[in-house]
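Subject: Structure for you to look at

Hello,

Please find the structure below. Have a look at it before you read my notes.

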Amino acid sequence: MMPASSATSVPVFKLYGETQHWPTPDLLHCESIAERSQLHDWHIRPHRHADLVHILFIAQGSVELALEGTNHQLQSASAIVVPAMAIHGFIFSPDVQGHIITLAKPLADHLHALLGENSTLKKADFYPLSQTNRAERIATLVTQIDQEYRQPAPGRHSLLEALIQALVVELSRLGAHTGSAAKRYGPRQRDKGRQHLEQYQALIEAHYREQPSIEQLAEQIGVSSAHLNLLCRQLTGRSALQLLHERLLLEAKRQLTYTNMTIGQVSDSLGFSEPAYFTRFFKRNTKFSPREFRSRQNNSIASSKEVPDQAN
């Protein structure tokens with residue numbers, strides 16, 4: 001077992017075994033469990049995410065789940081929720097069938113705010129789906145999310161958000177129904193460092209378009225910029241400035257992909273003093289200029305629309 005106190009020594013990943021930038025302009029990522037875990041011989045070693053939430057749905061097969069220092073063997077239909085900062089690892093059986101849905105923190109926080117304390121997104125837990133009707137309801141939502149995620153279509157963003165909200169409601173009801181509130185798996189203690197990180201992430205979300213200085217944000221939290229930077233590096237593997245820049249970059253990608261705003265308008269909306277500075281920032285972090293990135297995204301979407309729907 002891995003004690004919760006060892007959190008600072010546990011690797012911080014973006015997705016399974018990865019540390020690069022979030023791979024999509026979406027705030028949601030969906031893939032089959034096999035797509036990534038088979039690359040790691042079905043064994044995902046204990047790790048954590050500073051700003052991602054996982055929802056796993058196991059339809060078939062088994063998984064040995066390590067969750068905040070406890071180990072559990074789950075068979076067949078089950079759901080797992082892994083909030084940000086929770087230490088987790090998996091050993092899947094090779095016959096596993098299911099999906100993992102990953103939410104970027106802005107979306108997870110938005111859903112949590114909508115659902116309030118009834119939301120399950122900040123509670124590390126797992127739910128055996130022994131009742132057939134509950135398993136079918138959740139399986140249907142996961143399938144719909146997967147299909148909508150992979151097939152660009154008008155209204156995709158709105159439908160994905162509605163579907164994931166419905167899924168979180170179903171999981172929250174499941175938690176209330178099974179009385180699992182007594183068996184939360186962590187973090188066991190709300191240490192000051194995690195509280196300060198959460199405060200900082202909330203401030204980033206509220207003010208990233210203004211591009212405040214790290215000193216200004218640290219002052220609002222009540223710590224020095226040096227201390228904030230140390231906390232960020234310990235708990236997320238990135239500096240305070242990198243976290244702010246990652247949020248700016250994510251929003252830039254979203255606007256370039258899903259809006260018709262000009263490069264200058266995107267630059268202005270994100271607080272850059274001039275488009276040339278925005279272009280340098282974007283290219284330094286993506287290796288593409290904003291115009292090149294938009295062109296690649298448009299070509300990718302167009303190619304996806306040309307692929308015939310296998311279900312028809």
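These notes cover the nonpolar cores and some of the salt bridges.

This is a predicted model, in which local features need pLDDT of at least 70, side-chain atom pairs count only at pLDDT 80 or more, and totals for chains, interfaces and linings use all residues. Residues are numbered from 1 along each chain as its sequence is written, and side-chain values use heavy atoms, leaving out hydrogens and water.

The largest nonpolar core has 33 residues. (Such a core is a set of buried Ala, Val, Leu, Ile, Met, Phe, Trp, Tyr and Cys residues joined through side-chain atoms within 4.5 Å; buried means under 20% relative accessible area, with a 1.4 Å probe and protein chains only.) Among the residues with the most contacts inside this core are Leu-28, Ile-55 and Leu-167. A second, separate core of 31 residues includes Phe-282 and Phe-293.

There are 12 salt bridges in the structure. (A salt bridge is a side-chain nitrogen of Lys or Arg within 4 Å of a carboxyl oxygen of Asp or Glu.) One joins Arg-238 to Asp-51, at 2.9 Å from N to O. Arg-238 counts as buried because its relative accessibility is 10%, and Asp-51 counts as buried at 15%.

Glu-251 forms a salt bridge with Arg-247, with the closest N and O atoms 3.1 Å apart. Arg-254 also forms one with Glu-251, where the closest N and O atoms are 3.8 Å apart. Glu-251 is buried, at 9% relative accessible area. Salt bridges with shared partners link Glu-205, Arg-209, Arg-247, Glu-251 and Arg-254 into one network.

Regards

Methods: Buried < 20%, exposed > 50% of the residue type's maximum accessible area, 1.4 Å probe, protein only.
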